[in-house]
Amino acid sequence: MREPSYSWFRRSHAGERAELRLFCFPYAGGTAHIYRDWDRYLPPTIEVLSAQLPGRGPRLREPSFVSLPDLVKALTTVITPLLDKPFAFFGHSMGAIIAFELARSVRQSLACEPEVLCVSGRRAPEAPDDKPPSYNLPKDEFIAELRRIDGTPREVLEHTELMEMVVPVLRADFQLIQTYQYAAGAPLACPIAAYGGLEDSEVPRELLSMWRGHTTSGFALHMLPGDHFFLRSCQTLLLEMLARQLQEALAGVRIGEKNKTRQ
């Protein structure tokens, strides 16, 4: 693996066999570990590259990003050498906005787009969030908010030493996403697939469906059993749906390549 690109991504075992690279971006506080088993459930033609953002995992000593534009700028630089094959983006919650803004950045800087953009557990970027920011709450109140949203494992919340490491990362991620400001732009040309939890009260179907306006191509909306973290509780079904979406995208790539050879 070459640096610096692969220091940002945990790579699956597909390697050179893959025809399409799937880049996956985490929710707030998440690591590349979230997507560790996905290559087992996806076709061998798909290579999974899980983003390992600074400030966590093996990059614990690096400062976390607190600005989404700064993060996207850095990602655009490191991902460029890895876009020598067809690719797709997947992101859950915070990761969905990272994937969306990275797709727009790649379009602007490299004149290319993902074969499909997959956004999960996140309202469309222009949909307003009326909740006050929580990243700057006092520690006790911040931890109470973490308990409320139920995204941090109980064993971590109850482990004082672990929380000393986790809280700064979560604060940084919350600041990154809670200070994000959407700037209107031309829709993407690639298809968008949106995934949501039927019991996710903060990201209902109508806010997910607004992603339709961000593409001039096809749009699909899938609602799965579960709350905001259906990504974990309904993983098998999600990956079955995702596999079909990626195979459809890959079929389009193959048709395009055949048409080129005939010209």
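The legends below describe several close-up views of one predicted model.

Residues are numbered from 1 along each chain as its sequence is written. In this predicted model, local features need pLDDT of at least 70 and side-chain atom pairs count only at pLDDT 80 or more, while totals for chains, interfaces and linings use all residues, and side-chain values use heavy atoms, with hydrogens and water left out.

**View 1**
Helices (H or I, at least four residues) and strands (E, at least two) are DSSP runs, numbered from the N terminus. Strands β4 (87-92) and β5 (117-120) pair in the parallel sense over 4 bridges, where pairing requires that DSSP finds at least two bridges between two strands. Within this pairing, glycine 91 has valine 119 of β5 as its bridge partner. The chain crosses from β4 through α3 to β5 in a right-handed β-α-β crossover, a term used if, with the strands pointing away from the viewer, the path from the first strand over the helix to the second runs clockwise. Both faces of β5 are covered, with Leu117 and Val119 buried on one side and Cys118 and Ser120 buried on the other; buried means under 20% relative accessible area, exposed over 50%, and partly exposed in between, with a 1.4 Å probe and protein chains only.

**View 1. Helix α3 and the residues at its two ends.**
Helix α3 (94-110) has 17 residues and reaches 24 Å from its first C-alpha to its last, close to the 24 Å expected at 1.5 Å a residue; the expected span is 1.5 Å times one less than the number of residues in the helix. Because 13 of its 17 residues are buried, α3 is largely enclosed by the rest of the structure. Serine 93, in the loop between β4 and α3, has a positive phi of about 60° although it is not a glycine, and with 14% relative accessibility this serine counts as buried. Alanine 111 follows α3 and also has a positive phi, near 60°. Alanine 111 lies in the loop between α3 and β5, and at 70% relative accessibility it counts as exposed.

**View 2. Strand β6 with its neighbours β5 and β7.**
Strand β6 (residues 192-197) pairs with β5 in the parallel sense over 4 bridges, and β6 also pairs in the parallel sense with strand β7 (residues 219-224), here over 6 bridges.

A search of the whole structure finds 0 disulfides, a disulfide being a pair of cysteine sulfur atoms within 2.5 Å. Cysteine 112 is in no disulfide, and its nearest cysteine sulfur, that of cysteine 190, is 10 Å away. Cysteine 190 is likewise in no disulfide, and its nearest cysteine sulfur, that of cysteine 118, is 9.1 Å away. Cysteine 112 is partly exposed, with a relative accessible area of 23%, whereas cysteine 190 is buried, with a relative accessible area of 3%.

**View 3. Helix α2.**
Helix α2 (residues 68-79) has 12 residues and reaches 16 Å from its first C-alpha to its last, close to the 16 Å expected at 1.5 Å a residue. The buried residues of α2 are Leu68, Leu71, Val72, Leu75, Thr76, Val78 and Ile79. An α-helix has 3.6 residues a turn, so residues three or four places apart point the same way.

**View 4. Phenylalanine 9 in strand β1.**
Phenylalanine 9 lies in strand β1 (residues 9-11) and is buried, with a relative accessible area of 3%. Although 23 residues separate phenylalanine 9 from alanine 32 in sequence, the two are 7.4 Å apart in space, C-alpha to C-alpha.
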